[in-house]
Amino acid sequence: MWKRALDRAGVREPRLRRDYTEQRRAVRRFATAEYAAARVLLPAALLPHVVAAVAFMHDTDDRIDRGTPDERAAALVEWDGLVRGALADGDSDLPVLRCLARTAEHRPEVRAHVDAFLRGCAREAAWRTLADDRELERYVREYSLPALMLTACLLAPGDPSARTAFTEGCHLLIRAMQRIDFLEDLSEDVRAGRPGVPVDAVARHGADLTRPGPALGRLVGEQADRAAADLAAAAPLPALVVPPYRPFVRALVGVQRLRLDAVRRAGASLATRPSGPSAPAAALLLLREAARRPRR
């Protein structure tokens, strides 16, 4: 199937086929459920471009997420130059950027979202804590949403008004996803000195992020409720894309609900261990959406 997907995406040069295959392996490792959904539910011609966009986003995040704020800022400046050079030249020494450049050639709308994402990376590289929900919203608007749109733009409707509604739905979805991320990774983020749960919420509950307890349980419940509200508001999102993409978008939203369920079950234990979606439940969701795919 993967070779057919490369053929249909117009990726025929041997080196580029190896590059895309390398990115596919990376995406499959760090986003297993999401990759499985894309592989099974998206049209084959779109899959390599989704892989390229997700791999680029992850590579960028990894490069600017290590070291001191000054080191992260310097890494971003260097990476920004490499990315823009690859898009200008259509080539790079790095496989991930060669794939990005080819995808941007086939899908020019990606370029604008790469630019927005790179600008938002300055916030990702600089933040240490998020004071309140207003600061979390700025983080989502400036960084998380542009990161999601690297991929989501490939699914966006052509009609301008529908595209506006689609982007707002993506905003609601990624705000929920970001809250879930910060809860899932709480123990790791605290050890790194960058917890993403808003500081005012921690103070309001009197929670200790380093150890389980009732206060932390109440904090997790509150943040999970806010993520759930955004997921509910994002429910119309699948109806905004063309029918071949709807099973994938439904599955993406459904996986977030599974992640949220796992967070609620973990509760205060998130201070000591991460959580994740149930593998059997994710597989069942994928099978259900595969059965709903329109005939192609």
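Predicted model: local features only at pLDDT ≥ 70, side-chain atom pairs only at ≥ 80, totals over all residues.
1. Ala228 and its contacts. Setting aside neighbours within four places in sequence, Ala228 is in contact with Leu260 and Arg264. Ala228 belongs to helix α12, which covers residues 214-233. Its relative accessible area is 27%, and Ala228 is therefore described as partly exposed. Ala228 can also be placed relative to Arg179: the two C-alpha atoms are 9.7 Å apart in space, while the residues are 49 apart in sequence.

2. The course of helix α8. Helix α8 takes in residues 133-152. A straight helix of 20 residues, at 1.5 Å a residue, would span 28 Å, but the end C-alpha atoms of α8 span only 24 Å. The helix also has a kink of about 45°, and this kink is centred on Val140.

3. Is α8 largely enclosed by the rest of the structure, or largely open? Of its 20 residues, 15 are buried, so the helix is largely enclosed by the rest of the structure.

4. The N-terminal end of helix α8. Asp132 is placed in the loop between α7 and α8. This residue caps the N-terminal end of α8, with a side-chain oxygen 3.2 Å from the backbone nitrogen of Arg134. Asp132 is buried, its relative accessible area being 17%. When residues up to four places away in sequence are not counted, Asp132 touches Pro198 and Asp200.

5. The side chains of Glu137 and Arg141 form a salt bridge, with an N to O distance of 3.3 Å. Side chains of opposite charge can pair when their charged atoms come close. Both Glu137 and Arg141 lie in α8, four residues apart, which is about one turn of the helix. An α-helix has 3.6 residues a turn, so residues three or four places apart point the same way. Arg141 has a relative accessible area of 41% and is partly exposed. Elsewhere, salt bridges with shared partners join Asp133, Arg179, Asp200, Arg204, Glu222 and Arg226 into one network.

6. How many salt bridges does the structure hold? The total is 31. One of them pairs Asp7 with Arg17, whose closest N and O atoms are 2.8 Å apart. Asp7 lies in helix α1 (residues 2-8) and Arg17 in helix α2 (residues 14-30), so this pair ties together parts that are ten residues apart in sequence. Asp7 is partly exposed, at a relative accessible area of 29%, whereas Arg17 is buried, at 18%.

7. Because Arg98 lies in helix α6 (residues 95-106) and Asp19 in helix α2, the pair ties together parts that are 79 residues apart in sequence. Arg98 counts as buried at 10% relative accessibility, and Asp19 counts as buried at 4%.

8. The setting of Glu124. Glu124 is part of helix α7, residues 109-126. Is Glu124 buried or exposed? With a relative accessibility of 3%, Glu124 counts as buried. Its side chain makes a polar contact of 3.1 Å with the side chain of Trp127. Apart from residues up to four places away in sequence, Glu124 touches Asp61, Ile64, Asp65, Tyr139, Tyr143 and Arg194. Of these contacts, the student may wish to locate Tyr139 and Tyr143 among them.

9. The cysteines. How many disulfides does a search of the whole structure find? The search finds zero. For Cys153, the reason is distance: the closest cysteine sulfur, in Cys170, is 9.7 Å from its own sulfur, which is too far for a bond. Cys170 is likewise in no disulfide, its nearest cysteine sulfur being that of Cys153. Cys153 is buried, with a relative accessible area of 6%, and Cys170 counts as buried at 3% relative accessibility.

How values were computed
Residues numbered from 1 in each chain as written. Heavy atoms only, no water. Helix = DSSP H or I, 4+ residues; strand = E, 2+ residues; numbered from the N terminus. Expected span 1.5 Å × (residues − 1). Bend = angle between axes of the 7 residues up to and from the residue. Buried < 20%, exposed > 50% of the residue type's maximum accessible area, 1.4 Å probe, protein only. Polar contact = N/O pair within 3.5 Å; in protein donor to acceptor, adjacent residues only side chain to side chain. Salt bridge = Lys/Arg side-chain N within 4 Å of Asp/Glu carboxyl O. Contact = heavy atoms within 4.5 Å. Disulfide = S-S within 2.5 Å.
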